[in-house]
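Thanks for coming, everyone. I'll walk through it piece by piece.

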Amino acid sequence: MALLEIRNARREFVTPEGTRLAALDGIDLDIGANEFVTLLGPSGCGKTTLLRAIAGFETLDSGTLALDGNDISTQPPHRRPVNTVFQSYALFSHMTVARNVGYALEVRSVERQVREHAVAEVLEKVGLSGMGTRRPNQLSGGQRQRVALARAIIGKPRLLLLDEPLSALDRNLRQQMQLELKTLQNTLGIAFVFVTHDQEEALTMSDRIVVMRAGKIEQIGSPRQIYRHPKSRFVAEFIGETNLFTVTIDRIDGSHALAHTADGLELILPAGNCKPGGNVQVVLRPADFSISDQGIAATVTKAVYLGSDLHLFVQPTVGGPEISITARDSAQAPQPGSKVHLAYDPAAPHVLETA
Ligand SMILES: Nc1ncnc2c1ncn2[C@@H]1O[C@H](COP(=O)(O)OP(=O)(O)OP(=O)(O)O)[C@@H](O)[C@H]1O
Ligand SMILES: [Mg+2]
């Protein structure tokens with residue numbers, strides 16, 4: 001059984017302008033006991049509303065929330081074995097780190113010695129041993145984020161909800177914290193539901209990614225499934241850079257289909273459920289292409305230096321939209337104006353199920 005089962009969750013808001021808006025429009029989702037699940041989607045798609053509903057800060061209009069098979073929909077937030085880490089850490093500035101972290105235990109009149117022991121234990125888990133006597137304004141942004149984490153896990157929740165906890169940090173620190181959070185989740189052995197609109201973050205950290213769109217779930221899958229086998233154009237374009245081609249199938253040749261775009265660009269695809277005469281949409285990622293002496297004839301229009309890699313934009317000679325590819329940087333790497341040929345493994349193109 002899943003730790004948390006969400007069934008047909010609905011929540012409608014009436015906007016100040018008087019229109020009704022389904023922030024959650026029939027969400028079905030299971031969260032496993034030791035799973036790292038990321039909610040990913042554009043602004044306004046319902047991520048925070050879903051977290052708030054799980055935590056109990058938001059009441060569902062209909063649908064159910066079950067933890068270990070027991071309905072928790074009517075339980076107040078403090079009765080649910082769930083805690084939340086917010087983007088704004090919301091630490092008490094007049095209290096020390098230790099007191100911030102131990103506050104929930106203090107409120108519950110947990111004995112001082114037990115409390116101090118628990119605080120020391122979680123501070124160590126988040127890498128803040130010895131910082132207990134500082135105040136929040138004597139810490140860096142990353143350290144404050146760790147205090148917020150320590151505070152959220154001290155009560156040993158079964159499920160930790162994190163609403164864009166890393167978005168205030170700079171890139172390097174964010175990447176470091178991504179790995180640390182993932183390790184912490186493993187060590188604690190509890191489920192994390194993490195919200196982000198950073199797709200790279202979602203790919204790095206998650207066991208499963210839930211892509212949301214306008215109050216609904218568009219696709220659920222492992223990072224690899226979501227990246228390699230996006231169901232729709234929306235998912236393909238939301239996760240990673242995408243070259244999208246609309247093609248007509250000319251014929252099937254064994255396990256491959258031969259197809260062309262309206263501009264006359266010819267592509268080979270896995271035959272899958274392609275039918276001659278049918279139109280399908282095809283995804284090829286920048287890294288699927290390599291520069292070769294045969295293949296799609298094209299001219300490099302732009303080269304963006306990324307360190308060890310180059311991001312190249314190339315214009316196929318037959319016309320149509322530019323193709324974006326990645327190539328290793330070297331002294332021989334093509335420059336804007338270079339004539340090249342693009343090759344790809346015929347197994348690489350991914351045919352979308354839906355438009
Ligand atoms: N209390 C409210 N009253 C009216 N509308 C609301 C309320 N709370 C949220 N909404 C609307 O519900 C929709 C979903 O909001 P939500 O905060 O869940 O989005 P989100 O996916 O977290 O977005 P972001 O990435 O910007 O944080 C939005 O259109 C929002 O304007
Ligand atoms: Mg939000």
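Strand 1 and strand 2 (residues 20-31) are paired antiparallel, with nine bridges between them. Two strands count as paired if DSSP finds at least two bridges between them. Helices (H or I, at least four residues) and strands (E, at least two) are DSSP runs, numbered from the N terminus. One bridge to look at: Glu5 has Asp30 in strand 2 as its partner. The hairpin of strand 1 and strand 2 has five residues between the strands, and Gly18 takes a positive phi near 95° there.

Strand 1 (residues 4-14) also has strand 4 (residues 62-67) as an antiparallel partner, over five bridges. Here Arg7 is bridged to Thr64 of strand 4.

A word on the source. This is a predicted model, in which local features need pLDDT of at least 70 and side-chain atom pairs count only at pLDDT 80 or more, while totals for chains, interfaces and linings use all residues. Residues are numbered from 1 along each chain as its sequence is written, chains are lettered from A and ligands numbered from 1 in the order in which they are written, and side-chain values use heavy atoms, with hydrogens and water left out.

Now the overall view. The chain has eight helices and 20 strands. Its C-alpha atoms fill a box of roughly 75 × 50 × 40 Å along the principal axes. Of its 355 residues, 45% are buried. Buried means under 20% relative accessible area, exposed means over 50%, and partly exposed is in between (1.4 Å probe, protein chains only). Take the contacts with a separation of 6 or more: 64% of them join residues 24 or more positions apart. Contact means heavy atoms within 4.5 Å.

In what order do the strands of the six-stranded open sheet run? The order is 6-7-8-3-9-10, with mixed pairing. Strand 6 and strand 10 (216-221) stand at the edges with a single partner strand each, so one side of each has no neighbour in the sheet. From one strand to the next, the twist averages 20°. Strand 9 (residues 208-213) and strand 10 run antiparallel, joined by five bridges. In that pairing, Met212 has Ile217 of strand 10 as its bridge partner.

Helix 1 (residues 47-55) touches strand 3 (36-40), strand 6, strand 7, strand 8 and strand 9, and its direction makes about 150° with that of strand 7. Helix 4 touches strand 6 and strand 7, and its direction makes about 170° with that of strand 6. Axes are lines fitted to C-alpha atoms, for helices over the stretch in contact, and angles run from 0 to 180 degrees between N-to-C directions.

On to the interior. In soluble globular proteins, nonpolar side chains tend to be buried together. A nonpolar core is a set of buried Ala, Val, Leu, Ile, Met, Phe, Trp, Tyr and Cys residues joined through side-chain atoms within 4.5 Å. Which members of the largest nonpolar core touch the most other members? They are Val101, Leu149, Leu160, Leu162 and Leu181, out of 33 residues. Among the elements giving two or more residues to this core are helix 2 (97-107), helix 4 (141-153) and helix 5 (171-188). Helix 4 gives the largest share, six residues.

Zoom in on Leu149. Beyond its neighbours within four places in sequence, Leu149 is in contact with Val85, Val126, Leu160, Leu162, Met177, Leu181 and Leu184. Another core lies apart from this one, with 28 residues, including Leu29 and Met212.

Last, the aromatics. There are five aromatic pairs in the whole structure. Rings of Phe, Tyr and Trp (its six-membered ring) pair if their centres lie within 6.5 Å; planes under 30 degrees apart count as stacked, over 60 as edge-to-face and the rest as tilted. Phe92 and Tyr103 are edge-to-face, at 5.2 Å centre to centre and 65° between the planes. Phe92 is in the loop between strand 6 (82-85) and helix 2, and Tyr103 is in helix 2, so the pair ties together parts eleven residues apart in sequence. Phe92 is partly exposed, at 31% relative accessible area. Tyr103 is also partly exposed, at 30%.
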